[in-house]
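Hello,

Here is the structure I said I would pass on.

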Amino acid sequence: MPVRRPAAALAALLALTLTGCGAQVEKAAPDDRGTAVTIENCGRKVTFDKVPERVVTNDVGITEIMFALGLEDRMAGFVMPDDKGKLSGVPWKDGYEKAKWLSKDEITKELAVDARADMVFAGWNYGFREGGLTPASLRKLGIDSYVLTESCHNGRGSARGIMPPLEALYTDLTQLGKLFGAEDRARKLITDFKARVAEVRRKAPKGADRPSVFLYDSGQDKPFTAGRYAAPDEIIAKAGGRSITHDLADSWTTVGWETVVERNPETIVICDYGDTTAEQKKQFLLHYKPLANVSAIKNKRIVTLDYADLVESPRNASAVERLAAHLRAVRR
């Protein structure tokens, strides 16, 4: 995505099939220490004078990071479109019942002030955007910020991403665990996620046998897709595939259809969100003439994952597990 979609455009987020999650959510112990806490965020050291007590989050993955850490009691609320989807398999589903749903539209300075927020957890093009809401503009209001690591600017203009996507997730869990005194919970989550991903990799195709994969987010004139710093790149890799856009030093961005044709993916993953349904996206791909000779189209190897699976979130390990099952079938 050249610009990550604002919250108002994120309809139909969460068609979820989290299975075998394994993690049991614990409530984070209150940490009322009065001393300052210094953590790292986007390559910078950031000091908080006290532990935040009224956090406002933007978007589903960011919100569920807080829930997975058991920090819903530290939240003033969350901003998210009106379809959270089925939550029966989410081990942190109680967070949605406890935290306040502040808005189904985009996050704003006015919303943060009205919520009496002392910290906003969002990301560049996941709520933060130049000319709009930024950490700097919040700082002027006395509100701290934490930036989603997947979205950190990497020095290439508007390009985003400074580390492999799963490492970004583990980094945010670690740093937020330190900030909120939830280090034990963060370590347990990271250990669980790493073990599950390692088990998938043990069974996955390797080397030249890995099937090539294209992530299709949206767009007809030009496809919106994922570079090597967006979560799908590593989800595909850990599942045993090879993203055809791994060479793009960005997170979400666009390419030309000629790139897709030339690189001839064996499987296409559709990101399910928005006003255009996954089935409509699939039918477009199947009937778009320039793609007619692409392997994934000829063999109808198209799989759908939800938006919440494919942005940085505690659902990433489950997405690796489910995509791996599809990719193993490609190689049978």
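Below are the notes on the chain as a whole, its disulfide, one serine and a pair of helices.

Please keep in mind that this is a predicted model.

Overall picture. The chain has 332 residues, and 58% of them count as buried. Its secondary structure consists of twelve helices and 14 strands. Taking contacts between residues at least 6 apart in sequence, 72% join residues at least 24 apart.

Cysteines. How many disulfides does a search of the whole structure find? The search finds one. It is formed by Cys42 and Cys152, whose sulfur atoms are 1.9 Å apart. The angle about the S-S bond is -75 degrees, and the link is left-handed.

Cys42 has 28% relative accessibility, so it counts as partly exposed. Cys152 has 0% and therefore counts as buried. If you are looking at Cys271 as well, that residue is buried, with a relative accessible area of 1%.

Ser151. This residue is also placed in the loop between S8 and H5. Is Ser151 buried or exposed? Its relative accessible area is 0%, so Ser151 is buried. Leaving aside residues up to four places away in sequence, Ser151 touches Gly123, Trp124, Tyr126 and Arg160. Ser151 and Val311 are 160 residues apart in sequence, yet their C-alpha atoms are 10.0 Å apart in space.

Helices H5 and H7. Two packed helices are described by the distance between their axes and the angle between them. For helix H5 (residues 165-180) and helix H7 (residues 231-238), the axes come within 7 Å and cross at roughly 110 degrees. Angles of 65 to 115 degrees count as roughly perpendicular, and H5 and H7 are therefore roughly perpendicular to each other. On the H5 side the contact is made by Pro165, Leu166 and Glu167; on the H7 side it is made by Ala231, Glu234 and Lys238. Sorted by type, the residues of this contact are three nonpolar and three charged, with no polar ones.

Regards

How values were computed. Residues numbered from 1 in each chain as written. Predicted model: local features only at pLDDT ≥ 70, side-chain atom pairs only at ≥ 80, totals over all residues. Heavy atoms only, no water. Helix = DSSP H or I, 4+ residues; strand = E, 2+ residues; numbered from the N terminus. Buried < 20%, exposed > 50% of the residue type's maximum accessible area, 1.4 Å probe, protein only. Contact = heavy atoms within 4.5 Å. Axes fitted to C-alpha atoms, helices over the stretch in contact; angles between N-to-C directions. Parallel < 35°, antiparallel > 145°, perpendicular 65-115°, else oblique. Nonpolar A, V, L, I, M, F, W, Y, C, P; charged D, E, K, R; others polar. Disulfide = S-S within 2.5 Å.
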